[in-house]
Amino acid sequence: MDAFMQAAIEEARKGLIEGGIPIGSVLVIDGTIVGRGHNRRVQKGSAVLHAEMDCLENAGRLKPGDYRRAVLYSTLSPCDMCSGAVLLYKIPRVVIGEHRTFQGPEEYLRSRGVELVVLDDPECLRLMQEFIAANPALWYEDIGEEE
């Protein structure tokens, strides 16, 4: 398995252990992880701390050229909010663990020139399927849907 996706999965597991939603993300520039994060909406009582947003926050302020060399890894297909951050910072490549349990605006990202790689990783899928089955109300809250 890709070491960077493995790091994102480790972040997802941290979120689950903390009582949150098991989605993780890492930002990689020139082969080095510069930011890590996991969904912390529950833990922080936040409206916006999805894994990708937490990862970007933890990476800190970067120069525009840094983002243009970056790859964002996420265990789950990025939602509209997180996809917006990808577009805002012109991150050219997103590697997605799985998009069966949730699929964000992938075609829109592609239409804007973002390269998407969907791994269909069994561990990412298992984490989300088990979480959604056990916590449907929390999951639907996270994606802004009624149960």
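Q: Which residues are linked with Arg13 in a network of salt bridges?
A: Glu123, Arg126 and Glu130 are linked with Arg13 in that network. A salt bridge here is a side-chain nitrogen of Lys or Arg within 4 Å of a carboxyl oxygen of Asp or Glu. This is a predicted model, where local features need pLDDT of at least 70, side-chain atom pairs count only at pLDDT 80 or more, and totals for chains, interfaces and linings use all residues. Residues are numbered from 1 along each chain as its sequence is written, and side-chain values use heavy atoms, with hydrogens and water left out.

Q: How many salt bridges does the count come to by that rule?
A: The count is 13 salt bridges.

Q: OK, what does Arg41 pair with in helix α8?
A: Asp142, for one: the two side chains meet in a salt bridge at 3.2 Å, N to O. Asp142 lies in helix α8 and Arg41 in helix α2, so the pair ties together parts that are 101 residues apart in sequence. Helices are DSSP runs of H or I with at least four residues, and strands are runs of E with at least two, numbered from the N terminus. Glu141 also forms a salt bridge with Arg41, with the closest N and O atoms 3.4 Å apart. That pair links helix α8 (residues 136-142) to helix α2 (residues 41-44), 100 residues apart.

Q: What about Glu11, which residue does it form a salt bridge with?
A: Lys14, with the closest N and O atoms 3.2 Å apart. Glu11 and Lys14 are 3 residues apart in helix α1 (residues 3-17), so about one helical turn separates them. Glu11 is buried at 4%, while Lys14 is partly exposed at 42%.

Q: Switching to Asp54: where is it found?
A: Asp54 is in helix α3 (residues 51-59), and it counts as buried at 2% relative accessibility.

Q: And what is it in contact with, leaving aside neighbours within four places in sequence?
A: Asp54 is in contact with Arg36, Gly37, His38, Arg40 and Leu49, where contact means heavy atoms within 4.5 Å. A polar atom of the Asp54 side chain lies 2.9 Å from the backbone nitrogen of His38. Asp54 and Arg40 are 14 residues apart in sequence, with their C-alpha atoms 7.5 Å apart.

Q: Now the largest nonpolar core: which residues have the most contacts inside it?
A: Leu27, Leu72, Val86, Ile91, Val94 and Val114, in a core of 17 residues. β1 (24-29), α3, β3 (70-76), α5 (80-88) and β4 (93-98) each give two or more residues to this core. A nonpolar core is a set of buried Ala, Val, Leu, Ile, Met, Phe, Trp, Tyr and Cys residues joined through side-chain atoms within 4.5 Å. A second, separate core has 12 residues, including Ala7, Val26, Val71 and Cys124.

Q: How many disulfides does a search of the whole structure find?
A: The search finds 0, a disulfide being a pair of cysteine sulfur atoms within 2.5 Å.

How values were computed. Buried < 20%, exposed > 50% of the residue type's maximum accessible area, 1.4 Å probe, protein only. Polar contact = N/O pair within 3.5 Å; in protein donor to acceptor, adjacent residues only side chain to side chain.
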